[in-house]
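Trainee: I would like to learn how to read a model like this one. Please give the general idea each time, then the case at hand.

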Amino acid sequence: MNQDSGVLAEGIGAGTWNGSKVNALLGSVLAVVCVVSLFAGYQPIGFWEAMTGLLSWPAEQDKSVSAIIMQEIRFPRTFLAVIIGASLGAAGAALQGLFRNPLAEPGIMGVSASAGFGGVVSIYFGLGSLFWFATPLIAIASASVTMTILLLISLRDTTPLTLILAGVALSSLAVSFTSLAMNLSPNPFALSEMIFWLLGSVRDRSLVDVGISLPFMAVGWGLLAVSRRSLDALSLGEDVAQSLGVDLRRIRQMIILGTTLCVGASVAVAGAIGFVGLVVPHVMRPLVGHMPSSLLLPSALGGGLLLLAADIVVRLLPGNQELMLGVLTSFIGVPFFLYLILKRMPGL
Amino acid sequence: MNAIDLRNIRVQIEDRCIIRDLSLSIPRKTLVGIVGPNGAGKSTLAKSLLRLIGLSGGTASIFEKPLSSYRRAELAKTLSYLPQDAPVHWPIPAQDVVALGRFAHSATLGMLNKLDPPVEAALRATDTFDLRKRSVAHLSGGEYARVMLARALAAEAPILVVDEPIASLDPYHQLHVMEILRQYADDNNTVLAILHDLTLAGRFCDRIVLMKDGSIIGDGRPEEILQRNILETAYQVVTVEGAHEGERFVIPWKRGTIVI
């Protein structure tokens, strides 16, 4: 290799290393924040007590209070915040790659609201008690209907505005149906449960919820991971991507299925938590570059980190009533969304 | 063996016939200029070769193998395509764009190897090596067009289909791109270039295919096709012919037809 090639190698190597470095840094920070999360709560627990409580599995009746708190409250809550944040972050990055639109995000595009409506339907008709995966399944099915409609719209008009407006309309429709279900709610308990879907939280979740959501998310992550190269090719437009060998129909199906599995499973256990998929890929892009394939893993790690950090904040905020996680992410996400829209406006 | 063989192909979109009973055979080591007025069906012909638009009738073969029987990756390795409008939707570095030209050559789950020698060769051939780290969002129109061409060249496909590759270039880079296409054809490849510049088409192409209303109305050596009366029929323009350094050239001069 000649000298110039050496320069080329160095430049590209540096870029790849940056990506790995960012992933390693995010992974390390996430690990630290996970530990912090295990200690953050109303009940102070010492380090060794917490570790013993977390790692020892005595008979149910012999469990200490700290073991119960660690194993049944804080660990599931921490774990869920990480996997839900990772799912939403990766889903946002994948959607932005598929639609080639930096404003694409499950919450803004109505996918989360549709999944929430699916969850409400499941509660309304008591389907969740029929079989363990009924609620995530209905949430995923509902989300995939919205995704398919959005995709059909995007095939006719690829402008960001059309897609966002369509997403807003579909989101409003899903919220209207959800409101109708709440309006006709059979009892106050069901109503309270439905409100949960609109606000979003990982509070009072258990390992059962991890078990319900993780398999769907894992399949979703897998689908997004194997689609990442095709997302890169899609950066050059659909005609060129096809000429490069991308099976357009297949890649659309995989991304739609992957994102709906991720979002549907997240919403099924934690309600609609918006804007993670918008904020995180935007923060990551300057660090790892704009190639969609480079963005998936950092967005997943960053999403887990953001949601876990936000969950720690809601736990530690003073007050009698704990702030819902979805409310906090909206407070972060909406100004960010407005900033992105203003940034795209000429003359600003 | 012909690189491309089209027999009576027809392309219909909704109820409009874009290409009608078109037959064309192109051997290797040939630079073919596809010329013709707007709406003649030139880009549709290119897209149907890429299977981006399906044929409504007729048969198409690439290296004597039916086009329809090519697997997707196999076709991508055989035919490289540079469309008329080639947007890059993210501000990614030029070298990443060019590396995407190797998409069909990389393993299914593996990532693209940006150090692939064809990527570097394509960057150098198009004089874009020094631009490799710059975002495509910050390139001038000419630089951008050359990076796009580098992406198409990086595939090292034996057939290159380029749709108006010199439309946004200054004269220096127009000549440069035509020289690159000429060299690519001379390296035992086939190049189909959709062109509007009749002067450059006449100077650089081995063969000119003149299209109008979805049909071929002229096919032959440049001096046979770029004739005043033929161009007048095709374009409704009056042309001026001349010669310089032993080469014949033709320039569109004014709209309309000559009244004799």
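Mentor: Start with a definition: helices (H or I, at least four residues) and strands (E, at least two) are DSSP runs, numbered from the N terminus. By that naming, B:Ala234 is found in helix H9 (residues 228–235) of chain B. This is a predicted model, in which local features need pLDDT of at least 70 and side-chain atom pairs count only at pLDDT 80 or more, while totals for chains, interfaces and linings use all residues. Residues are numbered from 1 along each chain as its sequence is written, and chains are lettered from A and ligands numbered from 1 in the order in which they are written.

Trainee: Is B:Ala234 buried, exposed or partly exposed?

Mentor: A residue is buried if 20 or more other C-beta atoms, placed from the backbone, lie within 10 Å of its own, exposed if 12 or fewer, and partly exposed in between. B:Ala234 has 19 other C-beta atoms within 10 Å, so B:Ala234 is partly exposed.

Trainee: Which residues is B:Ala234 in contact with, leaving aside its neighbours within four places in sequence?

Mentor: Two residues are in contact if their C-beta atoms, placed from the backbone, lie within 7 Å. On that basis B:Ala234 is in contact with B:Gly36, B:Pro37, B:Leu210, B:Lys212 and B:Ile217, its neighbours within four places in sequence left aside. The C-alpha atom of B:Ala234 is separated by 14 Å from that of B:Glu224, 10 residues apart along the chain.

Trainee: What should I look for in phi?

Mentor: Most residues other than glycine have a negative phi. B:Glu64 has a positive value, near 65°, and B:Glu245 has a positive value, near 50°.

Trainee: Where are B:Glu64 and B:Glu245?

Mentor: B:Glu64 is in the loop between strand S4 (57–62) and strand S5 (65–66) of chain B. That residue has 9 C-beta neighbours inside 10 Å, so B:Glu64 counts as exposed. B:Glu245 lies in the loop between strand S11 (237–244) and strand S12 (247–255) of chain B. With 4 C-beta neighbours inside 10 Å, B:Glu245 counts as exposed.

Trainee: How many helices and strands are there in chain A?

Mentor: Chain A has 14 helices and zero strands. Its radius of gyration (taken over C-alpha atoms) is 21 Å, close to the 20 Å that the globule rule gives for 348 residues, so chain A is as compact as a globular protein of that length. The globule rule is 2.2 Å times the number of residues to the power 0.38. Buried residues make up 50% of the 348 residues in chain A.

Trainee: At what angle do the axes of H4(A) and H11(A) cross?

Mentor: Axes are lines fitted to C-alpha atoms, for helices over the stretch in contact, and angles run from 0 to 180 degrees between N-to-C directions. The axes of helix H4 (residues 111–124) and helix H11 (residues 248–270) of chain A cross at roughly 50° and come within 9 Å. Angles under 35 degrees count as roughly parallel, over 145 as roughly antiparallel, 65 to 115 as roughly perpendicular and the rest as oblique. H4(A) is therefore oblique to H11(A).

Trainee: How many residues does the contact between the chains take?

Mentor: The contact takes 26 residues from chain B and 24 residues from chain A. On the side of chain B that touches chain A, H2(B) gives the largest share, three residues.
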